[in-house]
Amino acid sequence: MTKNRKRSNAPVFWLLFGAGGMLAALTGPMLIFITGIAIPLGLLFPEDTMSYPKMLGFAQNFFGKGFIFVIIALFLWHSVHRIFHSLHEFGIPAGPTSKLVCYGTALAGTLVSAFVLFRMGF
Amino acid sequence: MSKRRPYIRPMDGWWKKNPFFIEYVIHESTAFFVLAYALTLLVGLVRLGQGETAWSAWLASLKTPLAIVFHVCLLAGAVYHAFSWFKLMPVTLPPVRIGGRKLRADEIVTGGFVAAVAGAAFIYLLVWGLA
Amino acid sequence: MSDPGKIIEIEVLRYNPENDEAPHSTVYKVPFTDDMSVLQGVQYIKDNFDGSLTFRWSCRMAICGSCGMMINGVPKLSCETFLRDYYPNRISLEALAHFPIEKDLVVDWSGFMEKLESVHPYIIPKEKRSPEEGEYLQTPEQFGEYIRYAACINCTLCYSACPQFGLDPDFIGPGALAILHRYNMDSRDGGATRRMELVASEEGVFTCSAAAYCSEVCPKHVDPANAVNINKINASKDYFLRFLRPKGES
């Protein structure tokens with residue numbers, strides 16, 4: 001039995017999913033706690049931790065830029081890949097539309113963050 | 001003539017039929033929490049790029065009760081993501097060998113949880129260093 | 001001693017392609033003893049209530065892989081599952097999930113057989129040897145690399161545990177991929193490259209979303225989910241490294 005099999009392009013998305021999932025598991029809870037709970041409520045960290053000059057400085061620093069980019073982009077690629085699979089599991093076929101919406105969101109988010117970070121200068 | 005008429009059962013509601021799949025659907029849906037956080041950060045980044053006024057407005061919006069509740073939900077989702085991610089590692093990783101011995105499943109999971117704590121500590125110290 | 005008067009209700013999803021539009025449930029009250037398996041309960045129904053009840057079985061000792069069915073929604077071998085563990089509750093029996101029902105508890109396995117064939121489930125020797133050159137030697141460590149996957153008895157419980165197979169019947173699936181991995185991991189085998197086309201294809205490993213219930217239900221602890229996920233890594237390497245390989249090789 002020989003069928004003509006088409007190679008799947010999934011490795012690209014699967015690797016981004018895996019890297020993002022690992023990064024989210026290692027850093028996600030603490031990042032959410034700090035940026036969404038601790039700092040807005042004024043807990044544990046100095047008042048000016050996320051002040052404009054500090055954050056701008058972080059985003060202009062080479063390491064900080066990379067950190068922000070990797071977090072946003074990989075979290076996006078991780079989540080849209082899972083959602084793409086879940087949509088299929090709930091009866092929405094894994095067709096071109098579903099693919100475009102899911103991976104398109106991640107791609108757009110990645111490009112926007114790259115653009116903003118680039119424009120801020122070094 | 002063949003009397004065969006194989007019956008194909010529908011898949012509707014497949015995930016409700018087994019507690020194992022209910023857990024699976026819950027841990028898969030943590031993706032919505034990760035996505036929501038990524039988009040929150042993306043908005044913050046865009047606001048940062050627009051200058052000080054925009055950034056301060058964004059920071060102020062994080063202080064509203066709704067934003068706090070939203071982030072508490074995100075935190076719960078992210079913690080469950082981390083928990084289920086490492087719980088599944090014995091299945092998703094190739095065999096891990098240390099000193100010629102294959103690690104048992106529970107050792108891989110424990111290693112994952114230790115890494116998660118170390119990752120959280122790293123982020124905590126990183127932010128302290130910046131502050 | 002067990003109480004000979006015990007009666008358990010067994011609900012069976014019946015389907016007769018000649019008369020029934022769709023499957024329907026029938027409940028049987030089956031007297032049982034503590035040593036009776038679910039398979040024996042089904043045999044009791046056939047012998048005493050309805051001779052047309054159709055099901056597969058052979059060895060009665062969890063090695064032939066014929067008697068799998070959904071027992072209270074969980075894929076299990078009916079020969080090693082005991083009525084006493086469900087009593088006094090009702091047991092519901094259904095043909096293995098995700099496969100087309102042929103009749104009653106019998107499913108159509110022809111799709112699985114094709115998939116099994118497609119993985120080249122035999123050793124493709126790395127180096128041809130004549131009998132004079134002697135046998136292919138293997139160390140215990142090399143044996144240990146694949147023996148777990150060689151325990152598969154083709155019972156297909158893993159397919160009934162796999163939502164992705166249910167949603168997409170073309171998915172090669174946990175069982176056949178575990179067997180593929182068994183041969184890839186064998187030190188005597190050199191067929192991994194030939195099997196890669198299937199692994200990396202759209203019907204291959206990437207359909208798996210790591211629900212991993214397959215490994216949970218496997219009666220032989222083969223861990224197909226791990227085999228599939230290891231091959232996602234292998235296929236990803238192949239995806240990117242193929243550009244570095246000299247042309248003409250595959």
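## Confidence in chain A

The model is predicted, and for chain A the average pLDDT is 93, with 98% of the residues scoring at least 70. Among the elements of this chain, helix α1 of chain A (residues 10–38) has the highest mean pLDDT, at 97, whereas helix α2 of chain A (residues 52–60) has the lowest, at 94.

## A hairpin in chain C

In chain C, strand β3 (residues 68–71) runs antiparallel to β4(C), and four bridges join the two strands. One of the pairings links C:Ile71 with its bridge partner in β4(C), C:Val74. Two residues lie between β3(C) and β4(C) in this hairpin, and C:Asn72, which is in the turn, has a positive phi of about 50°.

## Where chain C meets chain A

The contact between these two chains involves 23 residues of chain C and 15 residues of chain A. The area buried between chain C and chain A is about 1,800 Å², and carbon and sulfur atoms give 60% of this area. Of the area that chain C buries against chain A, C:Glu202, C:Phe206 and C:Tyr239 supply 30%, which is more than any other three residues.

Across the interface of chain C and chain A there are three salt bridges, and seven residue pairs are in polar contact, with both residues at pLDDT 80 or more. In one salt bridge, the side chain of A:Arg5 meets that of C:Glu203, with a distance of 3.0 Å from N to O. On the side of chain C that touches chain A, at least two residues come from each of α2 (110–118), α5 (163–167), α7 (192–199) and α9 (224–241) of chain C. The helix that gives the most to this side is α9(C), with seven residues.

## A lysine in chain B

B:Lys16 lies in the segment before α1 (19–49) of chain B. This lysine, B:Lys16, counts as exposed because its relative accessibility is 55%, and exposed means over 50%. Although B:Lys16 and B:Ala131 belong to one chain, they are 115 residues apart along it, and their C-alpha atoms are separated by 47 Å.

Conventions. Residues are numbered from 1 along each chain as its sequence is written. Chains are lettered from A and ligands numbered from 1 in the order in which they are written. Side-chain values use heavy atoms; hydrogens and water are left out. pLDDT is the predictor's confidence in each residue, from 0 to 100. Two strands pair if DSSP finds at least two bridges between them. Contact means heavy atoms within 4.5 Å. Buried area is the accessible area (1.4 Å probe) that two parts lose on being put together, summed over both. A salt bridge is a side-chain nitrogen of Lys or Arg within 4 Å of a carboxyl oxygen of Asp or Glu. A polar contact is a pair of N or O atoms within 3.5 Å; within protein, one must be able to donate a hydrogen and the other to accept it, and residues adjacent in sequence count only if both atoms are side-chain atoms. Buried means under 20% relative accessible area, exposed over 50%, partly exposed in between (1.4 Å probe, protein chains only).
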